[in-house]
Amino acid sequence: MSGETGAPPGVDPGTPSVARVYDHLLGGKDNYEVDRRQADAIKQHMPEVADVAWQNRNFLIRLCRFLADSAGVTQYLDCGSGLPTAENVHQVVQRVHQEAKVAYVDYDPVVAAHGRALLDENEHTEYLQADFFDPPSILEAEVVRRHLDWDRPIAVLFLAALHHNAGEGSRAAEVTRAFAERLPSGSYLAISHVLDPGDGSEDDRILQETLREIRNGPMKTITARTAAEILELVHGWEVIPPGPGRPGEVTAVSDWWPDGPMLGRPSIAQRILGCVVARKP
């Protein structure tokens, strides 16, 4: 997608897209020059921003292994899924449960084109072009109602998604509440979100400069939240401990059941994205 011709219907190759910028940061090819320029502008303030994207992807992989294997979940709703890259949700969970069902949701037309291609390669995967900030567009969608059994546990994922909420402070909580009220007992909410240190530290300064760069550009506004504010997004559900002998709490994605010991002090990329995983009693 190096040129601006042949763009899918509804795609403006002159305006950066969150999904395409993220794709570029992960080394993907489904992005335009405007997306790469936006990523470069963000890197001026946080050179490690590509590592943030990879930390989130690695968290997704560990999370899905846990949900499929330890929790035994066989149904998934990935809200704000972004462009397919290595190790998508269905690829991870279907290694544990071959017939696990996954519904991907994203509003971006480029993501839609790739999402429909997934249907051709995997009979247990569906795609819906919708905006998760409008929960009824998903919860009432025929494809979602038909594909998933809403009487059995479902894992709903909001990974690096809810912080794109145009600065409307309570809107993310309203979104997760709409899903939480519909989900049956035993379901899971998993969230990763830009974490606001709120302490005047160097991390805090770098984060605020990066957020200003995004807000002053043509992409959606991005909002950071404190650990306490992120915890509010799961509405009192049982929070899964992020490691052995620890309480259920919000932590950095790199710190949530890592695959091995962390050597050295975590980088800002490993500290700036928080997460929480919770189960409905």
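Analyst: Let us begin with a loop. Ala160 lies in the loop between β4 (155–159) and α8 (171–182), where helices (H or I, at least four residues) and strands (E, at least two) are DSSP runs, numbered from the N terminus. The model is a predicted one, in which local features need pLDDT of at least 70, side-chain atom pairs count only at pLDDT 80 or more, and totals for chains, interfaces and linings use all residues. Residues are numbered from 1 along each chain as its sequence is written, and side-chain values use heavy atoms, with hydrogens and water left out.

User: What makes the phi of Ala160 worth a remark?

Analyst: Most residues other than glycine have a negative phi. Ala160 is not a glycine, yet its phi is positive, about 50 degrees. His235, in the loop between α10 (227–231) and β6 (238–239), is also a residue other than glycine with a positive phi, near 55 degrees.

User: Why is His235 called partly exposed?

Analyst: Buried means under 20% relative accessible area and exposed over 50%, with partly exposed in between (1.4 Å probe, protein chains only). The relative accessibility of His235 is 23%, so His235 counts as partly exposed.

User: How do you know that strand β3 is largely enclosed by the rest of the structure?

Analyst: Strand β3 covers residues 125–129, and because four of these five residues are buried, the strand is largely enclosed.

User: What makes β2 and β3 a pair?

Analyst: Two strands pair if DSSP finds at least two bridges between them. Strand β2 (residues 101–106) and β3 are joined in the parallel sense over five bridges, so they meet that condition. Within this pairing, Tyr104 has Tyr127 of β3 as its bridge partner.

User: Why is helix α1 described as mostly covered?

Analyst: Seven of the eight residues of α1 (residues 18–25) are buried, among them Arg20, Tyr22 and Asp23. After α1 comes Gly27, with a positive phi near 85 degrees.

User: Why is the chain said to be as compact as a globular protein of its length?

Analyst: The chain has eleven helices and eight strands. Its radius of gyration is 18 Å, close to the 19 Å that the globule rule gives for 281 residues, so the chain is as compact as a globular protein of that length. Here the radius is taken over C-alpha atoms, and the rule is 2.2 Å times the number of residues to the power 0.38. Along its principal axes the C-alpha trace spans about 50 × 45 × 35 Å, and buried residues make up 53% of the chain.
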